Amino acid sequence: MPDRISAAAIALPPNPIALRLAYAGLLPFILGALLIWLIGDSNLEVLSFVTLALSAYAALIISFLGGIYWGLGFRQSVPSPQPFVWGVVPSLLAWVAVVMPAYAGLVLHGVLLVVCYLVDRRLYPALGASAWLHLRFRLSAVASLSCFLAAAGS
């Protein structure tokens with residue numbers, strides 16, 4: 001009888017188009033942080049808009065990272081609640097960060113991006129997504145650093 005390999009154990013290689021889109025997704029983080037520092041206190045209305053835009057984008061990306069677990073959870077041959085439960089946690093915490101003052105909310109977003117990566121390092125291999133960890137590290141490093149720098153400039 002051949003060995004039965006669950007769908008979760010099969011590694012998913014990164015798609016070249018997904019790689020390009022993922023790197024393009026860093027542009028709002030980098031641009032947002034840069035604009036916050038360039039605007040400074042010179043125009044508080046514009047600064048408020050840019051910090052909210054960056055915070056909302058960070059929350060969107062963090063929610064996306066949680067949503068990936070729902071997709072991976074659906075692939076499991078033996079369903080576990082773990083991916084589904086974890087999948088909603090980042091969204092809820094990112095939502096809280098959006099309504100916080102920018103200097104604090106952007107820090108929380110940066111921390112959440114790091115935490116999501118650390119959870120991914122632990123759970124991705126079991127869910128067949130370990131091939132994405134190298135990319136996830138790069139994206140998380142740039143996005144979280146952008147959030148931390150933006151918080152310092154807000």
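Two rings of Phe, Tyr or Trp count as a pair if their centres lie within 6.5 Å. Keep that in mind as you click around this predicted model.

The structure holds six aromatic pairs. Start by selecting Trp-70 and Phe-84: their ring centres sit 5.2 Å apart with the planes at 85°, so this pair is edge-to-face. Trp-70 belongs to helix 3 and Phe-84 to helix 4, 14 residues apart. Together, ring pairs link Trp-70, Phe-74 and Phe-84 into a cluster.

**Stop two: the largest pocket.** Its volume is about 480 Å³. Select Ala-22, Phe-64, Leu-65, Ile-68 and Leu-139, the closest to the centre among 21 lining residues. Helix 1 (16-24), helix 3 (44-74) and helix 6 (133-153) each give two or more residues to the lining, and helix 3 provides the largest share, six. Colour the lining by type and you'll get 19 nonpolar residues, one polar and one charged.

**Stop three: helix 5.** Select residues 102-123, a 22-residue helix reaching 30 Å from first C-alpha to last, close to the 32 Å expected. Its buried residues include Leu-106, His-109, Leu-113, Tyr-117 and Asp-120. What covers the buried residues? Show helix 2 (27-39), helix 3, helix 4 (82-99) and helix 6, which are among the covering parts.

Notes:
Residues are numbered from 1 along each chain as its sequence is written. This is a predicted model: local features need pLDDT of at least 70, side-chain atom pairs count only at pLDDT 80 or more; totals for chains, interfaces and linings use all residues. Side-chain values use heavy atoms; hydrogens and water are left out. On a 1 Å grid over the protein atoms alone, a cavity is a set of points where a 1.4 Å probe fits but cannot get out, and a pocket is an open set with protein on both sides within 12 Å along at least five of seven lines; lining residues have an atom within 4 Å of a point. Grid points are joined across faces, edges and corners, and a volume is the space filled by probe spheres set on the points. Helices (H or I, at least four residues) and strands (E, at least two) are DSSP runs, numbered from the N terminus. Ala, Val, Leu, Ile, Met, Phe, Trp, Tyr, Cys and Pro count as nonpolar, Asp, Glu, Lys and Arg as charged, and the others, Gly among them, as polar. The expected span of a helix is 1.5 Å times one less than its number of residues. Buried means under 20% relative accessible area, exposed over 50%, partly exposed in between (1.4 Å probe, protein chains only). Contact means heavy atoms within 4.5 Å. Rings of Phe, Tyr and Trp (its six-membered ring) pair if their centres lie within 6.5 Å; planes under 30 degrees apart count as stacked, over 60 as edge-to-face and the rest as tilted.
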